[in-house]
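Grab a pencil and work through these exercises one at a time. Each task comes with a solution that goes step by step.

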Amino acid sequence: MSRMDIGELPEVPQSGTVANQIYELALRNEYVDAPRCAAALGITEDEAAAAIRDLVGLRLLHVVHGCTHAYVAVNPMTASLQLLAVHDEELRSRQHRLEQLRQRMHSLMPLYQAQLAGKPDPGPVQRIEDTEVARGVVAGLLADARSEVLWARSYEDPLGNAALIGVDARMQADADLRVRLLLPQSARFDPALREYVGRLVARAGEARTTTAGVAWVMIVDGSTGVVPLEEGTGVAVLRDPAVVAGFHRGFEGLWFPAEAFDGHYDPEAGRVASAEVDAAIVRMLVNGVEDKVIARTLGISARTCQRRISDLMESLDARTRFQAGYLLRTRGRGGS
């Protein structure tokens with residue numbers, strides 16, 4: 001019998017399905033075949049034959065020795081072992097090859113570091129305008145991290161998902177590395193980020209969310225900072241102790257009042273978070289902040305921001321943002 005890939009296997013028969021009924025029939029009888037199943041279940045022989053093929057593919061039915069179309073039921077645990085044994089072996093082999101590749105790549109680090117030591121000092125500020133080069137530099141900083149990575153990630157990420165992947169891999173390789181991730185409140189509504197935060201917290205990392213406004217910054221071991229370039233592509237690597245210390249203090253100032261986040265979505269907490277986002281929009285709207293700045297500050301898309309403002313204006317029966325800000329101010333809903 002040829003092996004099927006996991007993705008090609010039929011669904012495991014659930015209660016009430018034809019395949020489940022045929023499997024139950026096989027458990028109660030010495031053997032089953034398509035005519036017997038069709039007669040017992042009131043279905044066509046073609047339907048019975050199709051379900052039997054699925055059960056054979058799942059190793060839950062086995063052809064009777066010496067017969068061609070008669071089948072007996074197989075213990076689900078035995079079927080599972082038979083079905084998945086080859087896939088388990090492939091997975092272990094693949095993991096072994098990945099580990100070998102990782103070790104071989106890491107064996108080049110002394111050579112890389114030796115060459116790096118001979119290069120001129122890049123100075124207190126190193127501008128890297130090419131995004132691909134920037135991703136490589138940040139990956140190198142994360143690979144060299146020894147104690148702590150502080151990362152405030154805004155909605156607009158100059159590195160795309162590269163830093164997310166890099167931090168994930170670094171934590172997997174070093175269980176002692178401490179990572180603190182600060183996200184905008186809107187991250188609580190992003191399934192991909194929730195899943196990522198769940199993995200981070202499971203590896204002893206920490207994550208928090210805030211409506212105070214998150215600007216993208218990464219600080220590695222308290223000595224090297226990374227910030228986006230003003231053009232929106234590339235990064236600047238900061239090594240001046242006073243500058244890095246200033247960014248460190250700014251991160252801590254946002255971190256401590258922020259709300260802990262473990263990646264799980266709770267409907268009630270979600271409603272509270274949504275209300276906090278709306279309240280932050282109100283505060284900025286009252287103070288005349290532009291839509292794009294509000295969106296960037298809260299870590300939401302421009303479209304989401306405009307929709308929320310539109311809903312707010314509708315609730316106030318305001319025709320313009322200026323009028324909405326005035327009404328909010330006079331009604332005491334905005335902040336100074």
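**Exercise 1. Is Glu24 buried, partly exposed or exposed, going by its relative accessibility?**

Solution. Start with the ground rules: this is a predicted model, where local features need pLDDT of at least 70, side-chain atom pairs count only at pLDDT 80 or more, and totals for chains, interfaces and linings use all residues. Residues are numbered from 1 along each chain as its sequence is written, and side-chain values use heavy atoms, with hydrogens and water left out.

Step 1: Buried means under 20% relative accessible area, exposed means over 50%, and partly exposed is in between (1.4 Å probe, protein chains only).

Step 2: apply them. Glu24 has 41% relative accessibility, so it counts as partly exposed.

**Exercise 2. Which side chain meets Glu24 in a salt bridge, and how are the two placed in their helix?**

Solution. Step 1: the criterion is a side-chain nitrogen of Lys or Arg within 4 Å of a carboxyl oxygen of Asp or Glu. By this rule the count comes to 15 salt bridges.

Step 1: find the partner. Glu24 meets Arg28, at 3.2 Å from N to O.

Step 2: look at the spacing. Both residues sit in helix α1 (residues 18-28), 4 residues apart, so about one helical turn separates them. (Helices are DSSP runs of H or I with at least four residues, strands are runs of E with at least two, and both are numbered from the N terminus.)

Step 3: check the partner's exposure. Arg28 is exposed, at a relative accessible area of 58%.

**Exercise 3. Find the salt bridge between Glu195 and Arg199 and describe its setting.**

Solution. Step 1: the closest N and O atoms of Arg199 and Glu195 are 3.7 Å apart.

Step 1: both belong to helix α8 (residues 191-202), where 4 residues, about one turn of the helix, lie between their positions.

Step 2: compare with the cut-offs. Arg199 is partly exposed at 30% relative accessibility, while Glu195 is exposed at 54%.

**Exercise 4. Which parts of the chain does the Arg178 and Glu148 salt bridge tie together?**

Solution. Step 1: take the distance, which is 3.1 Å between the closest N and O atoms of Arg178 and Glu148.

Step 1: Arg178 lies in strand β5 (residues 178-184) and Glu148 in strand β4 (residues 148-152), so the pair ties together parts that are 30 residues apart in sequence.

Step 2: Arg178 is partly exposed at 37%, whereas Glu148 is buried at 14%.

**Exercise 5. How is β4 covered, and which strands pair with it?**

Solution. Step 1: recall the geometry. In a regular strand, side chains alternate between the two faces of the sheet.

Step 1: read off the two sides. Glu148, Leu150 and Ala152 are buried on one side of β4, and Val149 and Trp151 are buried on the other. With 5 of its 5 residues buried, β4 is largely enclosed by the rest of the structure.

Step 2: look for neighbours, given that two strands pair if DSSP finds at least two bridges between them. β4 pairs with β5 in the parallel sense over 5 bridges, and Val149 has Val179 as its bridge partner in β5. With strand β7 (residues 217-220), β4 pairs in the antiparallel sense over 4 bridges; there, Ala152 stands opposite Val217.

**Exercise 6. How many disulfides does the structure hold?**

Solution. Step 1: the test is a pair of cysteine sulfur atoms within 2.5 Å.

Step 1: the structure holds 0 disulfides.

Step 2: have a look at two cysteines anyway. Cys37 is buried, with a relative accessible area of 0%, and Cys305 is buried with 0% as well.
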